[in-house]
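Look over the model below.

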Amino acid sequence: MRSISSFNADERKHTNTNTNTNIANILPMTTPRLLKHHIPISKNIQNVVHTTREHIKQILNHTNSKKIVIVGPCSIHDTKAAVDYANRLANVQVLYPNLLLIMRVYFEKPRTVTGWKGLIMDPELDNSCKIEQGLCMARQLLVDINSLGVPVGCEFLDTISAQYFDDLVSWGAIGARTVESQLHRQLASGLSTPIGFKNSTSGDIDVAIHSILSSKESHTFLGINSNGNASVVQTKGNPNCHIILRGGQTPNYFKHNVDAVSLQCISKGVQPNIMIDCSHGNSQKNYTNQHRVLQSVCAQLQQSKSNIIGVMIESNIHAGKQNLIQKEDLIYGVSITDACIDWEETVIMLNELNQNCL
C-alpha cells in the first residue's frame, strides 16, 4: 500500500466525485489550544474545578456526606441571564452546608426531530450556526461563572467540543438520547470530570449501567488533539461515574425504584450511586412537579440509609418556558427549551433538601 506522502501532485489534484455529495460547506475553525490561550483559566478557577471534582469523588466514595445538586436552566441562551443566575447561587452557597451546589450550564441540546441546538451550535438563535462564535461565548461564560466560585456541570453531546472547555467543567452528564452510544462511552472514559449517565428515554436502566462499566475501561478511538489535528485518542478509563434516574414512560424516583436500581447495580459490580433528576420523565414534563419529586427524595433520605447521592433541578430566574420565534421578543430569564421552576421556588427546594441531609 502506498504511503500518503508518495502521491504526486497530479493525483492530489484529482477530484473524487463520490465524496461529500451532500455537504454544502466545510469551514476551518480555531483550535482548542488557541481558544484556551485566548480565554485562559486562572489559578483560582483551576482550584474551583479541581476542588469540586475531588468533593464529587469523595461523595461517590462515601467519604463525604454532602449531596450533589445540579441546578440551573434547562439550557443557556442568554449569557447575561446565566451570570445573573450564577450570582444568585454564589450568594446562597453558604446557606447550604450539606449541599454541593453545581450550576447546570448546558450548551448543547439533543433534539428528537429538530429545533434550536444550543448556544454552541447556534449562538445567534437564528439558525445561522456560527459555531466558532458559540464556542468562544461558551468558554467565556464558563470562566465568568467559575470566577464567582460557582462550579459548573455540562452535558457532553458533541464528541469534539469538550476539547474547547473541558478544563472549566466540574461534573458532566451523558444524556438519555446518547447513553447507549459507544462514541459517548468512549468520550466519557477519557474525560477528566466525574460523569453521570441517565437512563434512556424509555426508562431502560441497563443501558446506563453498561455505560458506567464501559467508561471505566480504556478505549482507543478517533478524535482531535489540542491543535485540532485528527488523532488516535487512547484513554485510561473513568472510575468516577454514576447513574441518573430521569424517569421514562413512568417516573422512577420512588423508593422502590431506587432500591431496585441499587440491586441492579450491585449485581453487575457497579457502586449504587444514584442521582435523581427532578425533571423530565420524573416530573412527567410538568415543571411544577419537580418539588414533588424532591419531597420524595427528602423522605427517602430521612427514612433510611439511601444510595441517593444528589439531585438535578431545572431552574431559571423566572418560571415556565417560551417559544423562540423572534429573539428580540424573548422574556429575560425564561427558558426557551424545557420549562423551569423560578428562583424563589428553587430556594425553597434547596432549603428542604439541606435540612433533610442532616
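Is F107 buried or exposed? With a relative accessible area of 2%, F107 is buried, because buried means under 20%. This is a predicted model.

**Aromatic pairs**

A search of the whole structure finds 4 aromatic pairs. Two of them are tabulated here.

| Pair | Ring centres apart | Angle between planes | Class |
|---|---|---|---|
| Y85 and W343 | 5.3 Å | 85 degrees | edge-to-face |
| F107 and F165 | 6.1 Å | 70 degrees | edge-to-face |

Y85 and W343 link distant parts of the chain. Y85 sits in helix 4 (residues 79-92) and W343 in helix 11 (residues 343-355), 258 residues apart. Y85 and W343 are buried.

F107 and F165 also link distant parts of the chain, 58 residues apart. F107 lies in the loop between strand 2 (99-104) and helix 5 (131-147). F165 lies in the loop between strand 3 (152-155) and strand 4 (171-174). F165 is buried, with a relative accessible area of 1%. Together with F156, F107 and F165 form one aromatic cluster.

**Helix packing**

Helix 6 (residues 182-190) packs with helix 7 (residues 206-215) at an angle of about 45 degrees. Their axes are 8 Å apart. That angle makes helix 6 oblique to helix 7. The crossing of helix 6 past helix 7 is right-handed.

Helix 6 brings Q182, R185, A188 and S189 to the contact. Helix 7 meets them with V207, H210, S211, S214 and S215. By class, this contact has 6 polar, 2 nonpolar and 1 charged residues.

Technical notes: Residues are numbered from 1 along each chain as its sequence is written. This is a predicted model: local features need pLDDT of at least 70, side-chain atom pairs count only at pLDDT 80 or more; totals for chains, interfaces and linings use all residues. Side-chain values use heavy atoms; hydrogens and water are left out. Axes are lines fitted to C-alpha atoms, for helices over the stretch in contact, and angles run from 0 to 180 degrees between N-to-C directions. Helices (H or I, at least four residues) and strands (E, at least two) are DSSP runs, numbered from the N terminus. Angles under 35 degrees count as roughly parallel, over 145 as roughly antiparallel, 65 to 115 as roughly perpendicular and the rest as oblique. A crossing is left-handed if the near helix is turned anticlockwise from the far one by less than a right angle, and right-handed if clockwise. Contact means heavy atoms within 4.5 Å. Ala, Val, Leu, Ile, Met, Phe, Trp, Tyr, Cys and Pro count as nonpolar, Asp, Glu, Lys and Arg as charged, and the others, Gly among them, as polar. Rings of Phe, Tyr and Trp (its six-membered ring) pair if their centres lie within 6.5 Å; planes under 30 degrees apart count as stacked, over 60 as edge-to-face and the rest as tilted. Buried means under 20% relative accessible area, exposed over 50%, partly exposed in between (1.4 Å probe, protein chains only).
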